[in-house]
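Subject: Handover of a structure

Dear colleague,

Please find below the structure that I am handing over to you. My notes on what was found in it follow.

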Amino acid sequence: MYEILLKQDLVPNIHLLKIAAPNVARKAQPGQFVVIRIDERGERIPLTIADWDREEDSVIIVFMEVGTTTHRLSLLGAGDSIANFIGPLGLPTHIEKFGTVICVAGGFAVATIVPIARALKMKGNKVISIMGARSQNLLFWEDELGSVSDQLIVTTDDGSYARKGVVTEPLKELLESGEKIDRVIAIGPSIMMKFCAKTTEPFGVKTIVSLNPIMVDGTGMCGCCRVSVGGVTKFVCVDGPDFDGHQVDWDLLFARQRIYLDEEKLSLERWQSQSGIHP
Amino acid sequence: MAKLDLNRVSMPRQAPGLRARNFNEVALGYSLEQAQAEASRCIQCPRHPCIDGCPVEIDIPGFIKAIRDGDMPEAVRILKDKNSLPGICGRVCPQETQCEATCVLAKKEAPIAIGRLERYVADWERANMPSLNSPVIKATPTGKRVAVVGSGPAGLTAAADLAKLGHSVTIFEALHVAGGVLMYGIPEFRLPKAIVQAEVDYVASLGVKIELDTVVGKTMSVDDLLNSGYQAVFLGPGAGAPMFLSIPGENLNGIYSANEFLTRVNLMKAYRFPEYDTPVKIGQRVGVVGGGNVAMDAARCALRLGAEEVYIIYRRSEVEMPARREEVENAREEGIQFKLLTNPKRFIGNDQNWVVGVECYEMELGEPDASGRRRPIAIPGSEFIIKVDMAVAALGTRPNPIIPSTTDGLETSRWGTIIADEVIGKTTKTAVWAGGDIVTGAATVISAMGAGKRAAASIDEYLRR
């Protein structure tokens, strides 16, 4: 069992858990993920590692309520435990001195991008970060991302805070500004990553995305997470999760993310009626 | 001399129509009377060729004699002296090509049903000696520590043998339960998970520690293990990475690797969704590509989940099928349809990216290939479409690269298998042994157990030097 040391509600539907997991904390690197399972009847789901503390032997995960598992996870708090916490899995994000890097984070992925931006900054890169959310009440970690970035641009879809619009708009402006951009790292909902990749493609700037398909074991054993990158089938759990966004077959990714929509709906409704909890 | 009794005692099984819709065990096991009748057929020949046919060298005539004499605790003791996993082996070993093939009565086509007797003894022990776990005389603790990577057949066997020799053993398992392919791969109806768990518990009762959720190569490296006080490491991670056909349409929704399909059903218990959280698609018309035991397992799972039509699509003919005869017969009895000499050309999808069919070639057999089997050749212009709404690729597995790619000094072949001594399993890296599918490529449970056993003996010798 893995004990929850701390729980924070970052925004209404996005939560942070700090978990006691010495082995994972010791090895975690930016861009890697864990697979978790709440209990005996639970499913295995992948969650990106947001941070870690090697002194305290703890790992932080940030997740959004989507299906049964994440809803159930959101009800746990400090002192509770989860059955399984496996990692760190996947390849770390490739970090070196590129020059100027734009880090784009959509929604809850700001938690994923912070350790990446920090590592890039420590390597001597100029880091320009863009973070976006639907509305002001869904924004979090602005200061955290700001503190590891040379420049931070915040957008909200509805204009309730900072700049109105979506993240691809400032991204495009930066690319057009004439400043030499050496790399873009875009993490967030798949549709956002696709449009970031489409935005950078005409400029020929290498764009890394972190894919989030359905997984089971997370160790290369099942092939559930297969995607097509540059026409070649890859397993996201062992070959990724980072890939060249210009090479990803996005339509295939979207289709495969929808495989269990019916079952996910059934499972969530069943849990809601049994638990009496309706968000 | 008494006349040879050539009437093999058959084992009761669930009726095909009934078992095709449930996940309960197909074969029901012998009664005491049946076991003793079968044991009495053994002529106790002095040359005991059956032992030579057993990769773990069980004293087969010995335990059979004990059954005949009604001394079941003695049968348990003899069996477990060499085999820590008898309930598993009695069910999934291909005895027909091993101990039973070398039995002197095999010449009369009536070899002793050694596998069924082994199963009987294991089941008797579980029912009658639960707390005893058969007494094992443990050697004096050596103070040496061994790390075993993987808790499948190779790892469990190596760990049990090393513990019996007095070493302190820890198994590191990537998944959330121990047992490897015995848990995630082989279905409940062929190998009940309670039996695997009981035999894992037996290994633990020998003093073996089991660390779950530990992906060696990720959570910690082999060198981390060697640097943290383990004097030797045995690698038995299996050949866990699934192979696909590399034909168009393979990533359509509804197409699974056998590993994924079986893992969802067996390990994650998707057949009990939504009571368990992990879902699996229920196909109405399911095509399983492949002709091995795993293909039979996947086909029979799909049927039990509620499929109307299930096809085995295999490019050679039935003679070349690598699956056990028994499993092919079981599948056929249950209503699985065999599309032999048939090979997929491409999968066809609808506009929602769901598979709706598989276009296949008719095949014919040419000259024997490297495997000794006649090579299948596509007949030009023979393409036809099988309508399916789900497909499973059961084409075998290749080694997962996680450990080799993170371990300096561990040499691999061009197929990605770890290079190790054929007999003792010693790798090119100091203090590291390997065995099972990671060395041989996909093979059987018992061959992996044999490798684990031989490696354990070699590790013991190394540690005592």
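This is a predicted model: local features need pLDDT of at least 70, side-chain atom pairs count only at pLDDT 80 or more; totals for chains, interfaces and linings use all residues.

Strand β2 (residues 168–172) of chain B is joined to β3(B) by three bridges, and the two run parallel. Here Thr170(B) stands opposite Lys209(B) of β3(B). Between β1(B) and β2(B), which also run parallel, there are five bridges. Val148(B) has Ile171(B) in β2(B) as its bridge partner. Strand β2(B) is mostly covered, with four of its five residues buried.

Nonpolar cores

The largest nonpolar core holds 71 residues, of which Ile60(B), Phe63(B), Ile64(B) and Ile67(B) touch the most other members. Helix α18 (residues 445–464) of chain B supplies the largest share of this core, eight residues. A second, separate core has 40 residues, among them Phe33(A), Ile181(A), Val184(A) and Ala186(A).

Phe63(B) deserves a separate note. Leaving aside its neighbours within four places in sequence, Phe63(B) is in contact with Ile58(B), Ala75(B), Ile78(B), Leu79(B), Ile114(B), Leu117(B), Glu118(B) and Val121(B). In soluble globular proteins, nonpolar side chains tend to be buried together.

The interface of chains A and B

Contact between the chains involves 43 residues of chain A and 41 residues of chain B. The area buried between them is about 3700 Å², and carbon and sulfur atoms give 52% of this. On the side of chain A, Arg41(A), Met221(A) and Arg226(A) lose the most area to chain B, together 20% of what that side buries.

Four salt bridges are found across this interface. In one salt bridge between the chains, Asp224(B) is paired with Lys27(A), and the closest N and O atoms are 2.6 Å apart. Arg41(A) forms a salt bridge with Glu275(B), with 3.0 Å between the closest N and O atoms. This pair joins two chains, because Arg41(A) lies in the loop between β3 (33–37) and β4 (45–53) of chain A, while Glu275(B) lies in the loop between α13 (258–267) and β7 (285–289) of chain B. Arg41(A) is partly exposed, at a relative accessible area of 36%, and Glu275(B) is partly exposed at 31%.

Other salt bridges

Over all chains the count comes to 49 salt bridges. Within chain A, Lys265(A) forms a salt bridge with Glu269(A), the closest N and O atoms being 3.4 Å apart. The two residues are four apart in helix α9 (residues 261–275) of chain A, so about one helical turn separates them. Lys265(A) is exposed, with a relative accessible area of 53%, whereas Glu269(A) is partly exposed at 41%. In chain B, a network of salt bridges links Arg13(B), Arg19(B), Arg190(B), Asp297(B), Arg300(B), Arg304(B), Glu327(B), Glu333(B) and Glu334(B).

Backbone details

A cis peptide bond, with omega of about -5°, joins Gly87(A) and Pro88(A); Pro88(A) lies in strand β7 (residues 84–89) of chain A. The peptide bond from Phe273(B) to Pro274(B) is also cis, with omega near 5°, and Pro274(B) is placed in the loop between α13 and β7 of chain B.

Glu109(B), although not a glycine, has a positive phi of about 60°. Glu109(B) is in the loop between α7 (99–102) and α8 (114–128) of chain B and is exposed, with a relative accessible area of 73%. Asn353(B) likewise has a positive phi, near 70°. Asn353(B) is found in the loop between β10 (342–349) and β11 (355–368) of chain B and counts as buried, at 18% relative accessibility.

With kind regards

How values were computed:
Residues are numbered from 1 along each chain as its sequence is written. Chains are lettered from A and ligands numbered from 1 in the order in which they are written. Side-chain values use heavy atoms; hydrogens and water are left out. A nonpolar core is a set of buried Ala, Val, Leu, Ile, Met, Phe, Trp, Tyr and Cys residues joined through side-chain atoms within 4.5 Å. Buried means under 20% relative accessible area, exposed over 50%, partly exposed in between (1.4 Å probe, protein chains only). Contact means heavy atoms within 4.5 Å. Two strands pair if DSSP finds at least two bridges between them. Buried area is the accessible area (1.4 Å probe) that two parts lose on being put together, summed over both. A salt bridge is a side-chain nitrogen of Lys or Arg within 4 Å of a carboxyl oxygen of Asp or Glu.
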